[in-house]
Amino acid sequence: GVVVGAVMGVASYFLSGHRKWRDWIRLLADWSRLDGRLKDLAAAHIALELGVGKEEVRDVLDSLSNNKELEKLEGRVEELCDQVEELWDEVIAQRLAKYGDVYTRRRAEELRVTYHKVVDAGVEYRLVTAGGFAETAEEVERLLAEKGFVVVKGSRGIGKSTLAAYVAYDMLKKGDVDYVVKVKSPVDVSEVDVFKALGRRALLLFDIYPREVYLEKFDPRRPLEELYGSVKVLLSLAALAERSREAGARLYVLAAVHDKALAEAYEGKAVREWLGGAFFYDPRLNTPEFLAGVLKSYACPNEDDCCLDKVDTERLVSLISSHDAYTLVAKYAGLWLRENGCKVESVERAVEEAKSQPKLFLARYIRDVLLWRSSEEERVRLMYRAAAPLLLHAVFGPVPEGVTYITQAKDGVVFYQPEE
């Protein structure tokens, strides 16, 4: 009884030193794998420390390390530890929910960007990581680890939002962070102290034009200011990132903000000037390999049976790469090709014209893809499906006040052309 108490005291020592039960079980498992001579040496050492007999120590450890019982115990402890972790995650997630949507490793897929797919408007497409996307994501993660606060900048429609969501997903899955918060309201800097005390890591994700604005179902009655990330939220994250660096907490901030928003005036100076502690990163994803991959992903649901494999898309890809909103144009060009059976020439013409008049590409997409149906009823239905956020927000920013839907311009029986 004395020896058992002493050995369990050693276990208590392990636990009080912030070790876990699974460490003690692992020690017993290691004991069971020792040969007789090594067990004698280990038992003698423990006995000397505890002031008891070597044989008694060995008998106790042999009993405790019974393989079958140990396996049962290990399984039960693992199960209990997982349950405790889940409960703890939920407690912290509920605390963070006041700032926005919270994701844990178990909920990472709800970010709608994974290693293999991206979900746009409820439809799954293959995520393209070739052509520099994966390397760009790795660079953003490296900068986050080094700087703590990274702003992914650039023109609208280049893929900033998808890149940021992918980075968040990857960091969750790899265990680099415990939580991702899609921030929608200003965050109190006191959260830094909470996370430091808990020893938890979080990535705070901010998107001034979230992907949902472009591609999800949209209620036109919702005020426009509710659709976009607030500058106040972004500035609160800048203060949080600075406090986190000073305190040595493991909070990271990743923001996706287009160039025009960074240049806008806020209380007397440009938004960018308020973000002194940020590292500004401008991704370059307009590579032929990446854009060809995006084009194919949206044009061909079945990668192994794709009509694009039989046509030359080199010129189309080149035209898309010169567009300011190249990733967005590649997506819609792909959807257009899906509709017309991969007739590249008509899409090439639309993209080429859009170099000087970007709105013209979207106008032609509306007419030739969304509204080109035999039935008037179908056309009306598609007009309402083509709500302004779907096509206009990504390239042109907020729609003017009072504009709700893209409507079908009509004078008698004459339908206006896209340029009109």
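Phe206 stands opposite Ala255 in strand β7. This is a predicted model, in which local features need pLDDT of at least 70, side-chain atom pairs count only at pLDDT 80 or more, and totals for chains, interfaces and linings use all residues. Residues are numbered from 1 along each chain as its sequence is written, and side-chain values use heavy atoms, with hydrogens and water left out.

- Helices (H or I, at least four residues) and strands (E, at least two) are DSSP runs, numbered from the N terminus.
- Two strands count as paired if DSSP finds at least two bridges between them.
- Strand β6 (residues 202–207) runs parallel to β7, and six bridges join them.
- Strand β4 (residues 149–152) also pairs with β7 in the parallel sense, over four bridges.
- Within this pairing, Val150 has Leu254 as its bridge partner in β7.
- Buried means under 20% relative accessible area, exposed means over 50%, and partly exposed is in between (1.4 Å probe, protein chains only).
- Why is β7 described as largely enclosed by the rest of the structure? Six of the six residues of this strand (residues 251–256) are buried.
- Both faces of β7 are covered, with Leu251, Val253 and Ala255 buried on one side and Tyr252, Leu254 and Ala256 buried on the other.

**Nonpolar cores**

- A nonpolar core is a set of buried Ala, Val, Leu, Ile, Met, Phe, Trp, Tyr and Cys residues joined through side-chain atoms within 4.5 Å.
- The largest nonpolar core has 67 residues, and those with the most contacts inside it are Leu144, Val180, Leu203, Leu254, Ile320 and Phe361.
- Another core lies apart from it and has 39 residues, among them Phe149, Val151, Leu234 and Ala255.
- Contact means heavy atoms within 4.5 Å.
- Which residues does Leu144 touch, leaving aside its neighbours within four places in sequence? Leu144 is in contact with Val150, Val167, Met171, Leu203, Tyr252, Val253 and Leu254.

**Disulfides**

- A disulfide is a pair of cysteine sulfur atoms within 2.5 Å.
- Cys300 and Cys306 form a disulfide with their sulfur atoms 1.9 Å apart, and both residues are buried.
- The torsion about the S-S bond of Cys300 and Cys306 is about 50°, so this disulfide is right-handed.
- Cys307 and Cys342 form a disulfide with their sulfur atoms 1.7 Å apart.
- This pair links distant parts of the chain, 35 residues apart: Cys307 is in the loop between α12 (288–299) and α13 (314–321), and Cys342 is in the loop between α14 (326–340) and α15 (344–353).
- The link of Cys307 and Cys342 is right-handed, with 50° about the S-S bond.
- Cys307 counts as partly exposed at 29% relative accessibility, whereas Cys342 is buried, with a relative accessible area of 5%.

**Glu314 in helix α13**

- Glu314 is placed in helix α13 and counts as exposed at 61% relative accessibility.
- Glu314 and Pro288 are 26 residues apart in sequence and 8.0 Å apart in space, C-alpha to C-alpha.

**Salt bridges**

- Side chains of opposite charge can pair when their charged atoms come close.
- A salt bridge is a side-chain nitrogen of Lys or Arg within 4 Å of a carboxyl oxygen of Asp or Glu.
- The structure holds 20 salt bridges.
- One of them joins Glu141 and Lys174, whose closest N and O atoms are 2.9 Å apart.
- Glu141 lies in helix α6 (residues 133–147) and Lys174 in helix α7 (residues 160–174), so the pair ties together parts that are 33 residues apart in sequence.
- Glu141 counts as buried at 9% relative accessibility, whereas Lys174 counts as partly exposed at 48%.
- Asp170 also forms a salt bridge with Lys174, the closest N and O atoms being 3.2 Å apart.
- Asp170 and Lys174 are four residues apart in helix α7, so about one helical turn separates them.
- Lys153 and Asp259 meet through their side chains in a salt bridge (3.4 Å, N to O).
- Lys153 lies in the loop between β4 and α7 and Asp259 in helix α11 (residues 259–263), so the pair ties together parts that are 106 residues apart in sequence.
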